[in-house]
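Please work through the following exercises with the sequence and the 3D view side by side.

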Amino acid sequence: MTTSSIKRRRSPHDARASHDGDGFQEENDNETGNNTSDVLATDAINGITNTSSLGKRDSEEDSWASKGYSYINPFVHRIQIDSHIDVAKIYVLSVLLLPIRVVGCVLSLLSAWMFAYIGLYGVSLEQLQAKPLTGWRRNFQYLTARAMRMVYTAGSFHYINFKGTPATAKEAPILVVAPHSSYVDSIFVVSGFPPSIVAKRETADIPLLGRIINYAQPIYVQREDPNSRQNTIRQIVDRARSTDDWPQVVIFAEGTCTNRTALIKFKPGAFYPGVPVQPVLLRYPNKYDTFTWTWDGPGVLRLLWLTMTQFYNRCEVEYLPVYTPSPAEVADANLYASNVRQVMAKALDVPTSDYSFEDVIVMSRAREMKIPFPGDIVEIEHTLDSLGLLDSKRDMELCDSFLSLSNTDTVDILTFAELLQVDPQNPELHKLFALLDHQRKGTVSLKSFLLCSLFCKLKNCDIITFLRSLIKLYSPSSQQIERKNFVRLLRHAGGKLNEQKAQTLFYALDIQNLGHVSFDAFAQYTESQKSYKFLYHKSEHIRRPKNSAAKTGPVTTSN
């Protein structure tokens, strides 16, 4: 599979209706943070809604992703059910089958909890971390896993097809599983004798599930601990090299959920021990993918509903041969991770991608700050870097003169090249233009470009610095910002400053009823208020390596 063939693929974004800036897009599916909805055959299932609190928008701030440039984005998922018969089946089974399945899942979960409660009686969390369970407690571990398998059976996953030969814990202490796309992936953990997992420490306190997870003797990650990463790696190394009969450790190496169109960068944690690992592939050969849970996709409740209203779903688990690292790979965990990923991508017949979990953080931040096309912001940053525009001050110059320019919402490719002072024949310029041309009209919004460009440059800075750079997009002067422009500017301050709070803040600053405020007064006021400290918090954890995109690009082949 070549890079050029990947780019010609239809992007997952193409199924999404674009928003031309005619109002705020409601944030749906709050329970998961996925602000999107399925694309189905009927309006009753399609959950996209709009409101219009400020009238026509100035740019595509509510558009999730461009439709003008096709590429693989592993963090976007759409469900499209085109058959009216299948849609009718979903509604019928919602009445006839869904209640029975919910009851079956609950009863199976309670059974698993009961086995775990008995098995953990008299055992502390510290003891679970110190030694592997033996004797009758180990047998009850297996019973707990079987009860959890019944949860998936009741929920429609009747069939698991196994391929390959599973290795023993001595042959491969670590199982590297990919692709990771859903909460359903845990079906692999309960499909046989339960291995250990790596989990957040907070999961131990989840009702019912917490005790079940504890019984699997997981390696807990305590994110509030600055040494958590080193401690987690040490525990993995200790178990992998221990002579005790520890179960294998399962690690989903991608670190986040994707749509399985490519394997993103593997986190090196599974590879630091330098011991042999067994790659494990997960596939779901079903008619509809109703369980992939990504950053931009359906929420978990909708996915559960659509999954449990199918007659059955299939899962396929393939064990690849044990991968024994070379001396160079033992010395370099990142090299080890990359080479194992290549083997797994080749077996899956998908490309590898330079996207990583950190890119999800960047896209989430862009979404919160109302940046156009947050789903494409990483690809836009790659392209800006290739064009040398991340080091240029051209966007700031265009900001200063923005309000004096005309037709900024309909900039064609030649004008765009002239404004950016880039060769109009440059293919990277055409790629950037296509990413911004979400309606494929042959024109782009200059404001959308400037918002994206400034965000890519300043995403590691505090929000107040970013807002200061945007002033000239909304107001001729930083000393006299009118209420309407002030509210528009503060849309980019993140989710903690909504329209109503921005209005209230304006009136708190405009004590003399002048009808305008200065940005300096805003900065001085918010800096002294505890509730606005978030404006001054830097996000250095989302910094990307310099020129990484220009050197490697977002997608590579698996060969």
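**Exercise 1. A glycine and its surroundings**

In which loop is glycine 269 found?

Solution. Glycine 269 is found in the loop between strands β7 (249-252) and β8 (277-283), where helices (H or I, at least four residues) and strands (E, at least two) are DSSP runs, numbered from the N terminus. Before going further, note that this is a predicted model, in which local features need pLDDT of at least 70 and side-chain atom pairs count only at pLDDT 80 or more, while totals for chains, interfaces and linings use all residues. Residues are numbered from 1 along each chain as its sequence is written, and side-chain values use heavy atoms, with hydrogens and water left out.

**Exercise 2. Alanine 333**

Determine where alanine 333 lies, and whether it is buried or exposed.

Solution. Alanine 333 lies in helix α10 (residues 333-348), and because its relative accessibility is 8%, it counts as buried. Leaving aside neighbours within four places in sequence, alanine 333 is in contact (heavy atoms within 4.5 Å) with Pro268, Phe271 and Tyr272. For proline 268, which is 65 residues away along the chain, the C-alpha separation from alanine 333 is 5.6 Å.

**Exercise 3. The largest nonpolar core**

Find which residues of the largest nonpolar core touch the most other members.

Solution. Begin with the term: a nonpolar core is a set of buried Ala, Val, Leu, Ile, Met, Phe, Trp, Tyr and Cys residues joined through side-chain atoms within 4.5 Å. The largest such core has 69 residues, and the ones that touch the most other members are Ile377, Phe416, Leu420, Leu432, Phe449 and Phe522. Helix α16 (residues 446-458) gives the most to this core, with nine residues. A second, separate core has 31 residues, including Leu133, Phe157, Val280 and Phe291.

Now take one member as an example: if residues up to four places away in sequence are not counted, isoleucine 377 touches Val362, Met363, Ala366, Ile371, Cys452, Phe455 and Cys456. As background, nonpolar side chains tend to be buried together in soluble globular proteins.

**Exercise 4. A covered helix**

How many of the residues of helix α15 are buried, and what covers them?

Solution. Helix α15 (residues 427-436) is mostly covered, since seven of its 10 residues are buried. These are Leu429, Lys431, Leu432, Phe433, Ala434, Leu435 and Leu436. The elements that cover them include α12 (377-386), α14 (413-420) and α16. In the loop between α15 and α16 you will find arginine 440, which has a positive phi of about 55° although it is not a glycine.

**Exercise 5. Two packed helices**

Describe how the axes of helices α17 and α20 cross.

Solution. Two packed helices are described by the angle between their axes and the distance between the axes. Here the axes are lines fitted to C-alpha atoms, for helices over the stretch in contact, and angles run from 0 to 180 degrees between N-to-C directions. The axes of α17 (residues 463-474) and α20 (residues 519-527) come within 11 Å and cross at roughly 170°. That makes α17 roughly antiparallel to α20, because angles under 35 degrees count as roughly parallel, over 145 as roughly antiparallel, 65 to 115 as roughly perpendicular and the rest as oblique.

To see the residues involved, look at Ile464, Leu467, Arg468 and Ile471 in α17, which meet Phe519, Asp520, Phe522, Ala523 and Thr526 in α20.

**Exercise 6. Backbone details**

Which residues does a cis peptide bond join, and where is the proline placed?

Solution. The cis peptide bond joins alanine 178 and proline 179, with omega about -10°. Proline 179 has its place in the loop between β4 (174-178) and β5 (196-200).

Conventions: Buried < 20%, exposed > 50% of the residue type's maximum accessible area, 1.4 Å probe, protein only.
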